[in-house]
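Dear colleague,

Please find below the structure that I am handing over to you. My notes on what was found in it follow directly after.

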Amino acid sequence: MTKLKLGPIPDDKPVKLTVELPAELHRDLIVYGDILGREAGQGPIEAKKLIAPMLERFIATDRGFAKARRLQAKP
């Protein structure tokens with residue numbers, strides 16, 4: 001079993017954004033969704049459903065951002 005950084009994708013009401021992605025990144029997202037869905041015993045997960053969890057994971061593990069955020073919150 002492959003160890004992916006993302007776990008199950010929650011089903012909640014999103015805020016709609018429109019973004020442009022490089023074609024290669026979009027292809028990678030499709031493949032990632034296929035693998036993640038297969039690992040979870042589901043069908044393929046759409047690329048658009050991967051973006052928010054990936055960004056959340058990125059932000060949650062960015063130590064520089066966490067430090068800057070703490071410093072910004074101090075009075």
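**Helix α1 and its two sides**

On one side of helix α1, E24 and R38 are exposed, where exposed means over 50% relative accessible area, buried under 20% and partly exposed in between, computed with a 1.4 Å probe on protein chains only. The buried residues of α1 are L29, G33, L36 and G37. These residues cover an arc of only 95° around the axis, which puts them on the same side of α1; the arc is that of the directions from the helix axis to the C-beta atoms. E24 and R38 lie on the other side.

Please note that this is a predicted model, in which local features need pLDDT of at least 70 and side-chain atom pairs count only at pLDDT 80 or more, while totals for chains, interfaces and linings use all residues. Residues are numbered from 1 along each chain as its sequence is written, and side-chain values use heavy atoms, with hydrogens and water left out.

Helices are DSSP runs of H or I with at least four residues, strands are runs of E with at least two, and both are numbered from the N terminus. Helix α1 has 17 residues and reaches 24 Å from its first C-alpha to its last, close to the 24 Å expected at 1.5 Å a residue; the expected span is 1.5 Å times one less than the number of residues. Just after α1, G41 takes a positive phi of about 75°.

Helix α2 has 14 residues, which should span 20 Å at 1.5 Å a residue, and its end C-alpha atoms are 20 Å apart, which agrees. Its buried residues are A47, L50 and P53. They cover an arc of only 125° around the axis, which puts them on the same side of α2. The face of α2 turned away from this buried side carries the exposed residues K48 and E56.

How do the two helices pack, and at what angle? Helix α1 (residues 23-39) and helix α2 (residues 47-60) pack at an angle of about 90°, with their axes 9 Å apart. Axes are lines fitted to C-alpha atoms, for helices over the stretch in contact, and angles run from 0 to 180 degrees between N-to-C directions. The angle makes α1 roughly perpendicular to α2, a term for angles of 65 to 115 degrees, whereas under 35 counts as roughly parallel, over 145 as roughly antiparallel and the rest as oblique.

The contact (heavy atoms within 4.5 Å) is made by H26, L29, I30, Y32, G33 and L36 of α1 and by A47, L50, I51 and M54 of α2. These residues divide into 8 nonpolar, 2 polar and no charged. Here Ala, Val, Leu, Ile, Met, Phe, Trp, Tyr, Cys and Pro count as nonpolar, Asp, Glu, Lys and Arg as charged, and the others, Gly among them, as polar. The buried residues of α1 pack against α2, and what covers the buried residues of α2 includes α1.

**Individual residues**

L36, found in helix α1, is buried, with a relative accessible area of 7%. Not counting residues up to four places away in sequence, L36 touches L4, L6, G7, I9, I45 and L50.

In the segment before α1 lies D11, which is exposed, with a relative accessible area of 76%. K3 also lies in that segment and is exposed, with a relative accessible area of 78%.

With kind regards
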